[in-house]
Amino acid sequence: MTAWTETSLLAGLDAQARATLARLLPVEVQKGAALFHPGDRAKGFVVVLSGRIEVYLTGPTGREILLYAVEPGQSCVQTTLGLLGGEDYSGEAIAATECRMVLIPRPMFLALMDGSEAFRRFVFSAFAQRMQGMMQVLERVAFTRVECRLAAELLRIAEGAEVHATQAELATRIGSAREVVTRRLDQFASRGWVTTERGRVSLTDIPALRRLAAAGDV
């Protein structure tokens, strides 16, 4: 079985960095597990080997927004900022699926940042990609109509023609309020694009939803 440090994810690291990291063993995290909460201190840098972690921000009113997801090859902005800048977490991370990951403890992470140019490139490259993704989220929330964002998200997370998510969860994913999502889904239903049940949305006119989602890219 290939060691996790020999996978393509870390293929560019120097031999010494891989030898250091090889001492760490992957752990399994169950779906729904919380990895950090607002106010927590970053304990180490997480390398996701499989699965998906979602990071949420909660406002003063209790409304949540999905900031970003972390999948293999990606990094967590909040963790990187916490390790390099000493900032506590302001968001919450939840395992959206079963995950396999490695935690690089803070002292080891900082030592690798100091001593391995290849590791620094890996961290900063992942950080830059994640920041670009967050800017795209900001642009969508600020400049794309809610109905376009909703149509795009329904298409993105659909399994076949079925979306298993509550309206509150959809609102969190597109950076809106549950009441707004409810009204838009009612409009979609009146046009024959979807049917809704508790915790489920059936997509009945996928081409129409694709046209609406594409209109938000103009």
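**Entry 1: the sheet**

I started with strand β4 (residues 53-58) and strand β6 (residues 92-95), which pair in the antiparallel sense over four bridges. Helices (H or I, at least four residues) and strands (E, at least two) are DSSP runs, numbered from the N terminus. Two strands pair if DSSP finds at least two bridges between them. The model is predicted: I took local features only at pLDDT of at least 70 and side-chain atom pairs only at pLDDT 80 or more, while totals for chains, interfaces and linings use all residues. Residues are numbered from 1 along each chain as its sequence is written, and side-chain values use heavy atoms, with hydrogens and water left out.

I then traced the open sheet of four strands and noted the order β2-β6-β4-β5, with antiparallel pairing. Its edge strands are β2 (34-36) and β5 (64-70), each pairing on one side only. From one strand to the next, the twist averages 30°. Angles run from 0 to 180 degrees between N-to-C directions, and axes are lines fitted to C-alpha atoms, for helices over the stretch in contact.

**Entry 2: helix α6**

I found α6 packed on the sheet, touching β4 and β5. Contact here means heavy atoms within 4.5 Å. The direction of α6 makes about 70° with that of β5. Which residues of α6 (residues 167-174) are buried? I listed Leu-170, Ala-171, Thr-172 and Ile-174. The cut-offs are under 20% relative accessible area for buried, over 50% for exposed, and partly exposed in between (1.4 Å probe, protein chains only). After α6 comes Gly-175, with a positive phi near 70°.

**Entry 3: the β9 and β10 hairpin**

I moved on to strand β9 (residues 194-197) and strand β10 (residues 200-203). They run antiparallel and are joined by four bridges. Thr-195 stands opposite Ser-202 in β10. Two residues lie between the strands of this hairpin, and Gly-199 takes a positive phi near 75°.

**Entry 4: salt bridges**

I counted 12 salt bridges in the structure. The criterion is a side-chain nitrogen of Lys or Arg within 4 Å of a carboxyl oxygen of Asp or Glu.

In helix α4 (residues 117-143), I checked Arg-121 and Glu-117, which lie four residues apart, about one turn of the helix. Their side chains meet in a salt bridge at 3.3 Å, N to O. An α-helix has 3.6 residues a turn, so residues three or four places apart point the same way.

Helix α5 (residues 146-157) holds Glu-153 and Arg-156, three residues apart. Their closest N and O atoms are 3.0 Å apart in a salt bridge. Is Glu-153 buried or exposed? Glu-153 counts as buried because its relative accessibility is 10%. Arg-156 is partly exposed, with a relative accessible area of 46%.

Arg-178 forms a salt bridge with Glu-179, with 3.5 Å between the closest N and O atoms. I noted Arg-178 as partly exposed at 42% relative accessibility. Glu-179 is also partly exposed, at 42%. I also noted one network, joined by salt bridges that share partners: Arg-52, Glu-54, Glu-71, Glu-153, Arg-156 and Arg-173.

**Entry 5: a surface patch**

Last, I looked up Leu-110 in helix α3 (residues 106-115). Leu-110 counts as partly exposed because its relative accessibility is 31%.
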